[in-house]
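Try each task before reading its solution.

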Amino acid sequence: MSILSQEELNELVLNAKKFTKQGKLADYIPALLNANRDDLSIAIYHPDGECVSAGDTSDKMTLQSISKVLTLAYALIDCGEDYVFSKVGYEPTGDPFNSIIKLEINNPSKPLNPMINAGALAVAHMIYGNTVLDRFNKILSFVRELSGNSKVTYSEEVAKSEFETSFLNRSLCYYMKQHGVIDEKVEDLMDLYTKICAIEVDCFDLARIGIVFAMNGIDPVTNRRIIPEEVARICKTFMVTCGMYNASGEFAIRVGIPAKSGVSGGIMGAIPHRYGLGILGPALDERGNSVAGLKLLEMLSSKYSLSMF
């Protein structure tokens, strides 16, 4: 059974939607400026396969930083925990997601965690294949499997826009290449990374991915294990400690669920053993999180006692 009626969810979305006026679109990736700032939508998947939704659910979003969780899961499955964490750490940073400062002051000079840009680039480097396209298709197939949607693809427009403007990410790559964290051509890694960030989904896809993580790696719709239980646990832990950029601590207090946001305005949530959540609200706060999406999650968590803590 759903935690709330359709009418209740509609009302919560309408109330949260008022907060879109307080945010702005991500302007440093020009193609993301095409989104509607006032949009807000949510889908909630249950372990029995029921899904309730509200808002502008037909709208698409690119995964952006939500892809960091999925690429991490793939790398852990493919390369193993020891190798992955020899190149990237476990700890929150407290810094903006695109900061370079911790790479400069830490020894060894490796990214502190896989949820910041430097860490995500290091993890993307671990995706093996003969070409960038081969490597990208591995992640795309994985996202299709997790979402149960074989039609998931990527936005060439957003990938191109991000590739052409990712100067700071290139700086992170060159710094890591200097210190032996990565050893491939920077432009190849940027091509792969921007394509992964541009994978396009809707709220239903995100919620379906969320329920797989919530159920410890098992897709409850097909009853098939997609992710090993330990990998799902690691990913959910990173979502709690680092998933909402440098607002993760406040989010843990106010909402208290594993979640990962992206600058397209998406949020993927995985409430252990209970629900998978997919939200789209393109208007962002100063930390890069969906303003209305955060407010909606705070309302839901408060009203229905969703916090893990």
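**Exercise 1.** Is Tyr 45 buried or exposed, and which residues does Tyr 45 touch?

*Solution.* Start with accessibility: Tyr 45 has 13% relative accessibility, so Tyr 45 counts as buried (buried means under 20% relative accessible area, exposed over 50%, partly exposed in between, with a 1.4 Å probe and protein chains only). A note before going on: this is a predicted model, where local features need pLDDT of at least 70 and side-chain atom pairs count only at pLDDT 80 or more, while totals for chains, interfaces and linings use all residues. Residues are numbered from 1 along each chain as its sequence is written, and side-chain values use heavy atoms, with hydrogens and water left out.

Strands (E, at least two residues) and helices (H or I, at least four) are DSSP runs numbered from the N terminus. Now list contacts (heavy atoms within 4.5 Å). Leaving out residues up to four places away in sequence, Tyr 45 touches Glu 50, Cys 51, Phe 204, Ala 207, Arg 208, Ile 211, Val 221, Arg 274, Tyr 275 and Gly 276. Finally, Pro 220 is 175 residues from Tyr 45 in sequence, yet their C-alpha atoms are 9.8 Å apart.

**Exercise 2.** Find which residues touch the most other members of the largest nonpolar core.

*Solution.* First, the term: a nonpolar core is a set of buried Ala, Val, Leu, Ile, Met, Phe, Trp, Tyr and Cys residues joined through side-chain atoms within 4.5 Å. The largest one has 66 residues, and Leu 70, Phe 213, Ile 227 and Met 268 touch the most other members. Helix H10 (residues 203-214) supplies the largest share of this core, 8 residues. There's also a second, separate core of 27 residues, with Leu 9, Val 255, Ile 267 and Leu 294 among them.

**Exercise 3.** Work out how H5 and H9 are oriented.

*Solution.* Two packed helices are described by the angle between their axes and the distance between the axes. Here, the axes of H5 (residues 117-124) and H9 (residues 186-197) come within 10 Å and cross at roughly 105°. That makes H5 roughly perpendicular to H9. (Axes are lines fitted to C-alpha atoms, for helices over the stretch in contact, and angles run from 0 to 180 degrees between N-to-C directions; under 35 degrees counts as roughly parallel, over 145 as roughly antiparallel, 65 to 115 as roughly perpendicular and the rest as oblique.) At the contact, Asn 117, Ala 120, Leu 121 and Ala 124 of H5 meet Leu 189, Met 190, Leu 192 and Tyr 193 of H9.

**Exercise 4.** What is the phi of Tyr 245, and which charged end sits over its ring?

*Solution.* Begin with the backbone. Most residues other than glycine have a negative phi. Tyr 245 has a positive phi, near 55°. Then look at the setting: Tyr 245 is in the loop between helix H11 (229-242) and helix H12 (248-254), and is buried at 7% relative accessible area. Last, the ring: the charged end of Lys 260 sits over the ring of Tyr 245, 4.4 Å from its centre. (A charge sits over a ring if NZ of Lys or CZ of Arg is within 6 Å of the ring centre and within 35 degrees of the ring normal.)
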